[in-house]
Each structure stands twice: as structure tokens, then as C-alpha cells.
Amino acid sequence: MADRLIFDDREQFLEVLRQLLRQGVPGERIRVITPFGVPEVEEILPGKRSKVRFFALIGAAGGTVTGLAFTILTSLSWPLVIGGKPIVSLPPFIIIAFALTILFGALSTFVGFLLLSRLPSLRGIRSGEENGNTFVIVIEDEVRR
């Protein structure tokens, strides 16, 4: 069973949140529900870095490799020998590689967001109880994964 602390005053809510961390309650066990965004909560509670950035990195690297491989292999398969120019010339190929880097990075970031946020489950987005205009601190018994 999780402990619920309910406050009407924002300053009292922030002070109790600071006190809980000073008393040694791990920040991973504390869940905060507010009626509007409170930037001080992000400064008080430790945050986790999102794993979506790895999806973006892998997608962008895949786009770069795909763009370069596509253009180089195409020019090697159907060479156009004109005026002694090299068959594989990187400057025009970089434009296509850059475009595919942006495209694959954006698409993989979107897919990573959908996978890691567990959408379209509405139970993960919205809690079952309503809190109105109150500030709520929930201290959970176990850390949720």
C-alpha cells in the first residue's frame, strides 16, 4: 500500500518533498501528481534519462550508412564515365546520406517513443482517481519498473 500525502498549498508541498528526500526516502519511490507543471519538482527529484536517444542514434547511423551504400552501389552497378570524373564521388552522395540520416533518425525516434511509453495503453497515462486542484505525493512501497 502506498502512502499518499495531499496538499492544497504549493509551498507546503515542495517543503514536504524536500523533507522526504532529506529523511532518506529514495527519489525513485516518490511519485508526484500536480494540477499544473511545477519546475521545482524536477530540481528536487532525481530524474532518469530517457532511452529514446539510443533509438535516434541507431536510426541516424543506419540512415547514413544506407544513404552512402545506396548511392555508391548504384554508381558502381551503372557507372557513367564522363570526362574522366571518378565513378564514386562523395560530395554529391553526402546530400542523400544526410537526408536519409534525418529521415531514419526521426522515424526511429518516433518508434522508440511509442515502444518505451507503452502506448496506446490509457492505464499507463491516466490514473484511476481524480485529485482536483491538489498536490499529491505518493510514496510507493516498491520501485515500479
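Student: Which residues does Ile30 touch, not counting residues up to four places away in sequence?

Tutor: This is a predicted model. In it, Ile30 touches Leu17, Leu20, Leu21, Val25, Leu45, Ile137 and Val138.

Student: How do I read a list like that?

Tutor: Start with the general idea. In soluble globular proteins, nonpolar side chains tend to be buried together. Now the case here. The largest nonpolar core has 15 residues. Phe13, Leu17, Leu20, Ile30, Val41 and Ile137 touch the most other members.

Student: Which elements each supply at least two residues of this core?

Tutor: Helix H1 (10-22), helix H2 (39-44) and strand S3 do. H1 gives the largest share, five residues.

Student: Where do these elements sit in the overall layout?

Tutor: The protein has four helices and three strands. From the N terminus on, the order is β-α-β-α-α-α-β. Of the 145 residues, 24% are buried. Residues 24 or more positions apart account for 76% of them.

Student: How do I read an aromatic pair?

Tutor: A pair of aromatic rings is described by the distance of the centres and the angle of the planes. The whole structure holds three such pairs. One of them joins Phe13 and Phe135. Their centres are 5.1 Å apart, with 25° between the planes, and the pair is stacked.

Student: Are Phe13 and Phe135 buried or exposed?

Tutor: Both are buried. They also belong to a cluster. Ring pairs link Phe7, Phe13, Phe36 and Phe135.

Student: Is Ile6 buried or exposed?

Tutor: Ile6 counts as exposed because its relative accessibility is 53%, and the cut-off for exposed is over 50%.

Student: And where is Thr134 found?

Tutor: In the loop between helix H4 (90-116) and strand S3 (135-139). Thr134 has 15% relative accessibility, so this residue counts as buried. Leave aside its neighbours within four places in sequence. Thr134 is then in contact with Ile6, Phe7, Asp8, Ile33, Thr34 and Pro35.

Student: How do I read a salt bridge?

Tutor: Side chains of opposite charge can pair when their charged atoms come close. This structure holds three salt bridges. In one of them, Arg10 pairs with Glu40, and the closest N and O atoms are 2.5 Å apart. Arg10 is in helix H1 and Glu40 in helix H2, 30 residues apart, so the pair links distant parts of the chain.

Student: How accessible are Arg10 and Glu40?

Tutor: Arg10 is partly exposed, at 26% relative accessible area. Glu40 is partly exposed too, at 25%.

Student: Which residue forms a salt bridge with Glu140?

Tutor: Arg31 does, with the closest N and O atoms 3.2 Å apart. Glu140 lies in the segment after S3, and Arg31 in strand S2 (residues 30-33). These two are 109 residues apart. Glu140 counts as buried, at 11% relative accessibility. Arg31 counts as partly exposed, at 27%.

Student: What about Glu15?

Tutor: Glu15 forms a salt bridge with Arg22, with the closest N and O atoms 3.5 Å apart. Glu15 is partly exposed, at 31% relative accessibility. Arg22 is exposed, at 58%.

Student: How do I read the surface?

Tutor: Begin with the total. The protein exposes about 10,700 Å², and carbon and sulfur atoms supply 64% of that area. Then look for patches. Leu73, Leu76, Val81, Ile87, Val88, Leu90 and Ile94 make a nonpolar surface patch of about 630 Å². Helix H3 (52-77) and H4 each give two or more residues to this patch. Leu76 is in helix H3.

Student: Which residues does Ile96 touch, not counting residues up to four places away in sequence?

Tutor: Gly67 and Thr71. Ile96 lies in helix H4. From Ile96 to Thr71 is 7.8 Å, C-alpha to C-alpha, across 25 residues in sequence. Ile96 is partly exposed, at 36% relative accessibility.

How values were computed. Residues are numbered from 1 along each chain as its sequence is written. This is a predicted model: local features need pLDDT of at least 70, side-chain atom pairs count only at pLDDT 80 or more; totals for chains, interfaces and linings use all residues. Side-chain values use heavy atoms; hydrogens and water are left out. Buried means under 20% relative accessible area, exposed over 50%, partly exposed in between (1.4 Å probe, protein chains only). Contact means heavy atoms within 4.5 Å. Patches are made of residues with over 30% relative accessible area and no salt bridge: like charges are joined within 9 Å, nonpolar side chains (Val, Leu, Ile, Met, Phe, Trp, Tyr) within 5 Å. Accessible areas come from the Shrake-Rupley method with a 1.4 Å probe; for residues, only the protein chains shown count as cover. A salt bridge is a side-chain nitrogen of Lys or Arg within 4 Å of a carboxyl oxygen of Asp or Glu. A nonpolar core is a set of buried Ala, Val, Leu, Ile, Met, Phe, Trp, Tyr and Cys residues joined through side-chain atoms within 4.5 Å. Rings of Phe, Tyr and Trp (its six-membered ring) pair if their centres lie within 6.5 Å; planes under 30 degrees apart count as stacked, over 60 as edge-to-face and the rest as tilted.
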